[in-house]
Amino acid sequence: MKILSKLFDQKISAYNVLAEIEVAEYETLIKEIVYSNEFQRRRVRSSKSVYSLLKSDLLEGCVIPSIFLALTSDEIDAEDASFDDISDVLVRKKSDLVILDGLQRTLNILELLEDLRERQGDELERFEKSTLRLEFYVGINRIGILYRMLTLNTGQTPMSLRQQIEMLYLDYADRKIADVLIVKEADGKTAKEVNEYIFKDLIEGYLAYLEKSPLPIDRGRLLEDIAAIDKLSKKNQAADIDLFEQFCTSLNTFVSHVNSLCGDSGVDPKFLKDHGKPFGESVPEIFKRSQSIAGYGAALGRLIDMEVVSDFASANILTESILELDEEESAMFLTNVNESLLWLKTHSKKIGNAQREYFVWFFREFFNPDSDSFKDLVLAAESALNKYKSLNFGD
């Protein structure tokens, strides 16, 4: 490995080191850690992708963009160390390396090496001695890793917004929350059970609670959140995660309890015949969606601020105080929600945002003792649409 330069990245308070490395040495350096980065996006598999052309390009001597790594070990002080020291630590502490950008290129390089070894030709030695450009960050922390991954991965196969959100709030997902099972994108499964929730949706709901707004997260806001989290002390962050647990538990209390009340009830068959597939045919299908979860968070945030509801525990008590819901009421409730959402779909320019605002009103009506719809699911579903119409259409 040949170290060429080092520059201090003031944004993330870490040194960026530029190096050249032969393919054989790079393989030795990263083959044990190539899948160890919990933040890394999945392997891209597509014969039509530019990655399918990379192997032939590499054999022809194509110079590919730099691969970015991060060395998380604090053993070395990059500011005082010589280039030789940095190179030595990089090799000795390779288990602390993560790939920030270049996983697809790296996997193609490793696959090509395997192919050439099977052929046992002269191309293997020539390829092993070919040179790659390598950049790595020394002394970088988790927030810095996340920030650099978000800003570096802007190519043809960027990370999904869902995975970026999961990356940023990873500490939240690692918590054990009673009765709540969190499903991350990397798990490769859907949230089928009543108590299973998509991690990104929970985060959006929690942020909706903090900000009292149900609007979705975009990439610009995500980068702002990185800066905000970086400023949190460990003590405050721990308290924030505890509050996240309370939010998740409260949401699950509502979904689970109302689902048990509704039983096997479904949407009115006439609605299904006239309009086809609804927003959701059951309580989980409706209230585990991102729109309703964000609405739940924003509504509780506003009600708690207004001291209408004291905290999540109080909301749980109100939810569990609904003792019964007969089959007719259950079907009417599910139908009313879907009819309201159908109306929004045909009358709103931004359907998703309108749906989120509808659910804010639904939960505000349901949890507010001064509302005519207090603890009445059927009336809350109707009243929420009337509130939305009144504010947005003047009806």
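Colleague: What makes Arg302 count as buried?

Modeller: In this predicted model, Arg302 has a relative accessible area of 19%. Buried means under 20%, so Arg302 is buried.

Colleague: How do you know that Arg302 and Glu357 meet in a salt bridge?

Modeller: Their N to O distance is 3.8 Å. A salt bridge needs a side-chain nitrogen of Lys or Arg within 4 Å of a carboxyl oxygen of Asp or Glu. The pair therefore qualifies.

Colleague: Which parts does that pair tie together?

Modeller: Arg302 lies in helix 14 and Glu357 in helix 17, so the tied parts are 55 residues apart in sequence.

Colleague: Why is Glu123 called partly exposed?

Modeller: Its relative accessible area is 29%. Buried is under 20% and exposed is over 50%, with partly exposed in between. Glu123 therefore falls in between. Glu123 also forms a salt bridge with Arg119, with the closest N and O atoms 3.1 Å apart.

Colleague: What about Glu125?

Modeller: Glu125 has 48% relative accessibility, so it counts as partly exposed. Its side chain meets that of Lys129 in a salt bridge, 3.2 Å from N to O.

Colleague: Which residues make the contact?

Modeller: Among them are Met332, Phe333 and Trp343 of helix 16, and Leu385 and Tyr388 of helix 18. By class, the contact has 11 nonpolar, 3 polar and 3 charged residues.

Technical notes:
Residues are numbered from 1 along each chain as its sequence is written. This is a predicted model: local features need pLDDT of at least 70, side-chain atom pairs count only at pLDDT 80 or more; totals for chains, interfaces and linings use all residues. Side-chain values use heavy atoms; hydrogens and water are left out. Contact means heavy atoms within 4.5 Å. Helices (H or I, at least four residues) and strands (E, at least two) are DSSP runs, numbered from the N terminus. Ala, Val, Leu, Ile, Met, Phe, Trp, Tyr, Cys and Pro count as nonpolar, Asp, Glu, Lys and Arg as charged, and the others, Gly among them, as polar. Buried means under 20% relative accessible area, exposed over 50%, partly exposed in between (1.4 Å probe, protein chains only).
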